[in-house]
Amino acid sequence: MIDEEIDQSWGGLSVIDDDKVGTEDDRRNVTEDNADLDVWNLGNPDDIVAEEDLPFTRVKLSLDEEEEEIDAVRTMQAWVVDIPDPKYIATMLKWLKQSGLDSASLVHLKRIRRQGNFATLLIGTSPTPPPLPDVVGLSAPYQISVPCTPALTLTSLELKNTFWPTVYAPRRKWEPENWTKGKVRWAHSAMKLVQESAKSTSKGDDLPIVARVPQPYEDPGSLSQPFVANDSRISTRHPLRHAVLNVIRQVADYRALQPSESASNDNSPMPILTGDTSSSEDEQIPTDVPRNGAHYLLTGQTLFTTHEPCVMCSMALLHSRVKEVFYLVPMPLTGGCGGLTCLPALKPVNHRFTIAQWKAGKGDLSPITLDENTDA
Ligand SMILES: [Zn+2]
């Protein structure tokens with residue numbers, strides 16, 4: 001009996017029929033293949049698990065693909081005007097500021113391009129030419145192609161500068177984090193819990209979607225307890241009661257009851273909402289943003305969920321500064337983590353989180369069916 005249970009947890013060894021296993025060599029291969037399924041389940045928890053042995057696949061953010069060939073540079077049309085005499089540059093910049101044409105879509109571009117004594121001003125991307133101020137010798141505005149995004153690499157900068165002087169904004173390149181066996185077991189246990197919880201939910205009225213934020217593997221002290229929530233939009237008749245939003249709200253409610261950050265000291269039970277102020281990607285966030293709201297709630301935390309979060313939940317996860325999101329079932333028609341869209345890969349987003357999809361069947365986890373049009 002015990003043997004049978006163990007076999008099932010190992011991905012179906014119990015179904016091997018001795019009659020169909022030919023030579024001893026074959027049999028050994030079968031055993032090894034099955035052992036490979038959950039190689040992280042045995043041995044030293046500090047051992048690093050090879051990428052191909054991980055029970056999940058990381059969703060690569062397309063943001064990392066930089067335009068490093070001239071044909072790959074994405075461009076848009078923008079209005080420019082030549083300023084024949086450099087003494088008018090200051091006047092024109094002042095006019096631009098007051099005109100309201102100073103659009104956010106051009107912040108990655110320099111305003112002035114100088115070629116010798118000759119200057120050209122970037123005005124804007126409106127469909128029709130903007131009215132210009134009365135400045136001596138100004139030509140009529142005309143359109144040129146300019147890069148859509150800042151340069152992430154020096155090669156790209158050189159290419160983009162041939163269109164228009166572009167801002168150089170190198171990002172940290174995405175590098176896969178090493179996972180130890182212990183951490184994979186931790187993730188598996190959290191994933192298993194959401195699956196079991198969802199299966200019991202599916203017997204009631206509510207959708208079988210569950211989200212869980214466990215205490216982090218490396219830094220359990222940063223969250224004093226795990227949080228778990230299921231989707232309750234049907235039973236509460238509230239359309240926003242998605243599992244992810246529910247679990248974020250739980251963390252928020254819990255945090256609200258804790259001593260405030262300013263009052264925290266060494267006796268404080270947990271270092272709440274300290275944020276990751278060392279992260280360069282967060283530098284644009286003003287420091288006066290309230291940290292007891294939706295922001296920073298899940299800094300450094302990992303969220304496990306049965307289904308790929310919808311666009312709304314993915315946005316909430318971005319605001320919460322979550323570190324990683326794991327899901328069991330992709331939602332190609334509605335998901336915001338690589339399905340319909342991939343929110344952390346959008347250009348204006350200044351926080352990114354890792355996304356990973358659990359491989360079906362790995363660690364005895366199987367998908368939970370949900371209508372493909374559902375917002376999870
Ligand atoms: Zn949702």
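Q: What share of the chain is buried, and what makes a residue count as buried?
A: Buried residues are 30% of the 376 in the chain. The label needs 20 or more other C-beta atoms within 10 Å of the residue's own; 12 or fewer makes it exposed, anything in between is partly exposed, and the C-beta atoms are placed from the backbone.

Q: How is the model numbered, and what pLDDT do features need?
A: Numbering starts from 1 along each chain as its sequence is written. It's a predicted model, so local features need pLDDT of at least 70 and side-chain atom pairs count only at pLDDT 80 or more, while totals for chains, interfaces and linings use all residues.

Q: Why is leucine 193 called partly exposed?
A: Leucine 193 has 16 other C-beta atoms within 10 Å. Leucine 193 is found in helix H5, and its C-alpha is 8.3 Å from that of arginine 212, 19 residues apart along the chain.

Q: How many helices and strands are there, and what makes a run count as one?
A: The chain has seven helices and 12 strands.

Q: Which strands are the edges of the six-stranded sheet?
A: The order in this open, mixed sheet is E2-E12-E11-E10-E8-E9. Strand E2 (56-59) and strand E9 (227-230) are the edges, as each pairs on one side only. Neighbouring strands are turned by 20 degrees against each other on average, direction ignored.

Q: Why are E4 and E6 left with a side without a neighbour in the other sheet?
A: That open sheet is antiparallel, in the order E4-E5-E3-E6. Strand E4 (112-115) and strand E6 (142-147) each have a single partner strand, so one side of each has no neighbour in the sheet. The twist averages 40 degrees from one strand to the next. Four bridges join E4 to strand E5 (residues 118-124), with glutamine 115 partnered by phenylalanine 118.

Q: What makes a set of residues a nonpolar core, and how many residues has the largest?
A: A core is a set of buried Ala, Val, Leu, Ile, Met, Phe, Trp, Tyr and Cys residues joined through C-beta atoms within 7 Å. The largest has 51 residues, and Met191, Val244 and Leu317 are among those with the most contacts inside it. H5 gives the largest share, seven residues. Another core, of 11 residues, lies apart and includes Leu109 and Trp164.

Q: Which residues are in contact with valine 244, and what makes a contact?
A: A contact means C-beta atoms, placed from the backbone, within 7 Å. Leaving aside neighbours within four places in sequence, valine 244 has contacts including Ala211, Leu303, Cys313 and Leu317.

Q: Which residues of H7 are buried, and what do they pack against?
A: In helix H7 (residues 311-320), Cys313, Ser314, Ala316, Leu317, Leu318 and Ser320 are buried. The buried residues pack against helix H6 (243-256), strand E10 (302-307) and strand E11 (324-329).

Notes. Helix = DSSP H or I, 4+ residues; strand = E, 2+ residues; numbered from the N terminus. Contact = placed C-beta atoms within 7 Å. Pairing = 2+ DSSP bridges. Axes fitted to C-alpha atoms, helices over the stretch in contact; angles between N-to-C directions.
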